[in-house]
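Hi everyone, thanks for coming.

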Amino acid sequence: MAKISFDLVSPENLIFNDDVGMIIIPGKDGDLGVLPGHSKVMSSLRPGRVMVYGEDKNLLKSFFVSAGFAEINPEKCIVLAESVDEINNLDKNKIKKEIQELQNQDTEDSKQQLIIANAKVDALNSSFYEKI
């Protein structure tokens, strides 16, 4: 199986950089499965999981991105994310507490934070794409 170069970048630093077998990205209009040789695409991202697979289709890493952009071409995929968390580092109880606090606020910023927090809980509860 061929490989595709993948970079996951946050405003602070380069989070992930390696040649991988496949990536699944939370595109604005739906999930994008990226394989080597993918056609050129640019997409904005919605809050969700970025799943990184090896050539053997085993899940290597899973990240949560809050928003951003993806640039895909046949040889490389670059995800520029506003914020990135490794799924394993997310604490569901802490996020649920944050959701309760945000529900009592009525600002535009708190509404956006609530959307992201709910998406984190959904990502933690999801088993989609765990096995390909």
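Let's begin with helix α1, where Ile95, Ile99 and Leu102 are buried. Looking down the axis of α1, the buried residues fall within an arc of 70 degrees, so they line one face of the helix. Please keep in mind that this is a predicted model.

What covers those buried residues of α1? Part of the answer is α2, residues 108–125. Now turn to the face of α1 that points away from its buried side: there you'll find Asn93, Lys94, Lys97 and Gln100, which are exposed.

As for its dimensions, α1 runs from residue 92 to 103, so to speak a stretch of 12 residues. From first C-alpha to last, α1 reaches 16 Å, close to the 16 Å expected at 1.5 Å a residue. At the start of the helix, Asp91 brings a side-chain oxygen to within 3.1 Å of the backbone nitrogen of Asn93.

Next, a pair of strands. β3, residues 22–27, and β4, residues 30–34, run antiparallel and are joined by five bridges. The hairpin from β3 to β4 goes through two residues.

My last stop is Ser66, in the loop between β7 and β8. Is Ser66 buried or exposed? With a relative accessible area of 6%, Ser66 is buried, because the cut-off for that is under 20%. Its side chain makes a polar contact, at 2.8 Å, with the side chain of Ser83. Beyond its neighbours within four places in sequence, Ser66 is also in contact with residues including Arg46, Pro47 and Ile116.

Definitions and conventions:
Residues numbered from 1 in each chain as written. Predicted model: local features only at pLDDT ≥ 70, side-chain atom pairs only at ≥ 80, totals over all residues. Heavy atoms only, no water. Helix = DSSP H or I, 4+ residues; strand = E, 2+ residues; numbered from the N terminus. Expected span 1.5 Å × (residues − 1). Buried < 20%, exposed > 50% of the residue type's maximum accessible area, 1.4 Å probe, protein only. Arc of directions from axis to C-beta. Contact = heavy atoms within 4.5 Å. Polar contact = N/O pair within 3.5 Å; in protein donor to acceptor, adjacent residues only side chain to side chain. Pairing = 2+ DSSP bridges.
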